[in-house]
Amino acid sequence: MRFRAIFGFLGFLLVLFVALPVLRMVWEAGGGQMLEVTKAPEVRSAIFLTLRASLWATLLALFFGVPLAYFLARVDFKGKKVIESLIDLPVVIPHTAAGIALLLVWGRHSLLTRATGLTVVGTEVGITLAMLFVSLPFLVNGAKEGFRLVDVRLENTARTLGASPFQAFWTVALPLAKKSILSGSIMMWARGISEFGAVVILAYHPMTASVLIFERFQNFGLQEATPVAALLLIVSLVVIIVLRVIVDRNRAKKND
Amino acid sequence: MIRLIEVTKNFADFSLKNISLEISPGEYFVVLGPSGAGKTLLLELLAGLLEPDKGRVEGIKPEKVALIYQDYMLFPHLNVQENIGYGLKLRKIPPQEQRAKLKKIATELEIEHLLQRAVTTLSGGEKQRVAIARALILQPEILLLDEPTAALDHRVRRQIQHLFARLHRQYQQTFIHVTHDFEEALALGERIALLFKGEIIQVGSPQDIFRSPASKEAANFLGYKNVFSGRISNHYFEINGVSILTTVKEAERAHCVLNSNEIIISRRKFSSSARNSFRGQIKEIFPRLATTEVVVDIGVDLAVDITPQSFQEMQLKIGDEVYVTFKTTSVKVYEY
């Protein structure tokens, strides 16, 4: 019992380390002030823009990242480690560096801008791409682990029962990896919401919540930045909790 | 006729080398070998899940093959009924026909009461029956079985073995069954192939395989207790001062394998045409279910299996002086 108590105490200190600033900030902002800022159109649009762009990024990552994750989980090839490291890279580098790298290929007269005709700098597209770049490892790695846990012989069995490789993937591998993919998606979406460094370089305007908070802090100080920060925090927390509950309930049903 | 022609395959940690085999339609064919021999790889090649690096597989249509893996590989996100109906659904069989087929196969395999259960709640034997039902419902021409009883306890293993024998009689499909259990191979196989380290070292009837294993490894694997290595000169195999008469005249290096069932043990010298007779002392006695193993020291340790009745009648004890007698033809010689 003593052993558990010690571990519990050590863990509690860490939880406190996270909880204290959060609670302090919400306290500082105060209910009234937070309610006040929700009425400001620029705050609202910043928060919606943040949630939306991060959702686009996550959907894009699902479309391209799930196939990639499946491929990495099933196929061995030379240079696989390099690809896997490349996927992890956005976690390691400062996100301002990521933003600059993106700007070099998506800037106004850059290669990909000309090839695709997309206007990236200073648009929601740019914000989405910045979020996609920095947060896709969460989805890809989560999905990859999920597929790895699915015994390849289950898919082989499906194949001998008449499934094409795609049908085996769709009816066996995907449902079994679903939970990992959903968890990865939630993590990715959450990570996208919090992104600042890459977004601010690619698109200062339109303002995401993180950029708005930074701007207010720079121009008007703590007083103005805190309520917006607290609001973003509460919105994010609610969203994450709701999604986790949905995913866990799904899992519980499966185990009945 | 299923033909493997000089098939070579390397995959993960396993490999198959230059495998050539012919399996007749309707045959119960057993591939016997220790774990790691490449047995599963062989089945995956036959199922068309993998392509050989070299050589060809002929006479198999992948859509007519069902593969049942060792751990059954039931889909954990589907219940029993959905598992069994998986292949029918893919083939877009009308629901009514699906239900009829499902009912028939479930009755056949005595699993009607399990249909609505989650597969995670089934016992090993039940899982195996569900896996068999899922395969048989598609009426495959060839059934590939990967160690189908390895994960089952003794009693259930017997039931499943009987089930396979019955299904084979009833449906007349080709069964290709891989196992490491030579008793299972003996019980079920019409022909047996021995697979060692990715190579087929012998193919034949169970009798052929068990009477004359093709190598020392095969003999060891098949449970032969008397396997000796030495040299033969002028028909005599010499080991520890014991000279055993063999049918081979000269061999610089040879393994001699002696079936413990083909040795006679007696109190007095046994007069017969058998040319090998040695005096020795009983060193160990191991009572087993169907036989009693008596280890006699004749200069080397020789294991002799006798019936528990003979053992009783002779009243053998450790330390007793006895004679052991066996025919020259009972000594299998493998030169290497």
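Helices (H or I, at least four residues) and strands (E, at least two) are DSSP runs, numbered from the N terminus. On that basis, the elements of chain A run α-α-α-α-α-α-α-α-α-α-α-α from the N terminus on, with twelve helices and zero strands. This is a predicted model, in which local features need pLDDT of at least 70, side-chain atom pairs count only at pLDDT 80 or more, and totals for chains, interfaces and linings use all residues. Residues are numbered from 1 along each chain as its sequence is written, chains are lettered from A and ligands numbered from 1 in the order in which they are written, and side-chain values use heavy atoms, with hydrogens and water left out.

The C-alpha atoms of chain A fill a box of roughly 65 × 65 × 30 Å along the principal axes. Of its 256 residues, 39% are buried, where buried means under 20% relative accessible area, exposed over 50%, and partly exposed in between (1.4 Å probe, protein chains only).

| Side of helix 3 of chain B | Residues |
|---|---|
| Buried | Gln98(B), Leu102(B), Ile105(B), Ala106(B), Glu108(B) |
| Turned away from the buried side, exposed | Gln96(B), Arg99(B), Lys103(B), Lys104(B) |

The buried residues of helix 3 of chain B pack against helix 2 (80–90), helix 4 (124–136) and helix 5 (154–171) of chain B, a contact being heavy atoms within 4.5 Å. Helix 3 of chain B is followed by Glu110(B), whose phi is positive, near 60°.
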